[in-house]
Amino acid sequence: MEDGRVKYWGCLKFGALLLALVLAIGGGAWFLGDTVKSQFRGPDPITVAQASLQGLREQNRLSTFAARYVAVVTSKQSRLGLSAEKTLIMPGMVRYEVDLAKLQQKSLSWDAANKRLTILLPPLEVIGPDVDLDGIREYSEGAC
């Protein structure tokens with residue numbers, strides 16, 4: 001009878017060892033498959049959107065349009081038969097900017113079907129006008 005018990009415990013140990021080996025191989029295959037699947041799946045869209053938002057905020061301001069202008073004003077005066085004319089030329093610059101620091105999480109939307117990230121930008125802000133004080137010129141004609 002002891003011989004039967006030894007065989008029973010031997011078979012039980014062998015079965016437990018075999019089961020542990022099958023579970024280890026299955027777990028390794030599952031881990032390997034999950035790792036390979038995540039490599040081909042690409043990054044998480046939420047992570048990409050949050051990283052994009054942070055990167056845009058760090059740029060702070062985006063200059064979308066800048067223009068130089070020249071304002072020319074001419075004034076004429078007549079007194080007692082004498083006339084005078086003055087012309088003032090004022091150069092300057094105006095800029096249109098977007099304040100990217102105002103972006104919020106709700107400004108981003110991810111379309112998984114088309115794999116498209118849409119960003120709703122804050123409104124444009126007019127910066128300036130910046131008058132170039134060194135560039136102002138005055139021209140006179142006549143005396144009054």
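This section describes salt bridges, a strand hairpin and a surface patch in a predicted model.

Five salt bridges were found in a search of the whole structure. One of them joins glutamate 125 to lysine 102, with an N to O distance of 2.9 Å. Glutamate 125 belongs to strand 5 (residues 125-131), whereas lysine 102 sits in the loop between strand 2 and strand 3, so this pair ties together parts that are 23 residues apart in sequence. Glutamate 125 is partly exposed, at a relative accessible area of 22%, and lysine 102 is also partly exposed, at 48%.

A further salt bridge connects glutamate 97 with arginine 95, where the closest N and O atoms are 3.1 Å apart. Glutamate 97 counts as buried, because its relative accessibility of 9% falls under the 20% limit. Arginine 95, by contrast, is partly exposed, with a value of 24%. Both residues belong to a network of salt bridges that also includes Asp130.

The side chains of lysine 76 and glutamate 85 form another salt bridge, with 3.8 Å from N to O. Lysine 76 is exposed, having a relative accessible area of 64%, while glutamate 85 is partly exposed at 26%.

Strand 3 and strand 4 (residues 116-119) run antiparallel and are joined by four bridges. The two strands make up a hairpin with four residues between them. Within the turn, lysine 115 has a positive phi of about 55°. Across the pair, leucine 108 stands opposite isoleucine 119 of strand 4.

Serine 107 is located in the loop that separates strand 2 (82-99) from strand 3 (108-111). With neighbours within four places in sequence left aside, serine 107 contacts Thr118, Ile119 and Leu120.

On the surface, a nonpolar patch is formed by Phe14, Leu18, Leu21, Val22 and Ile25. Together these residues have about 510 Å² of accessible area. Isoleucine 25, one of the patch residues, lies in helix 1 (residues 2-41). The relative accessible area of isoleucine 25 is 55%, so this residue is classed as exposed, for which the value must be over 50%.

Definitions and conventions:
Residues numbered from 1 in each chain as written. Predicted model: local features only at pLDDT ≥ 70, side-chain atom pairs only at ≥ 80, totals over all residues. Heavy atoms only, no water. Patch = residues over 30% accessible without salt bridge, like charges linked within 9 Å, V, L, I, M, F, W, Y side chains within 5 Å. Areas by Shrake-Rupley, 256 points an atom, 1.4 Å probe, with all protein chains shown as cover. Salt bridge = Lys/Arg side-chain N within 4 Å of Asp/Glu carboxyl O. Buried < 20%, exposed > 50% of the residue type's maximum accessible area, 1.4 Å probe, protein only. Contact = heavy atoms within 4.5 Å. Pairing = 2+ DSSP bridges.
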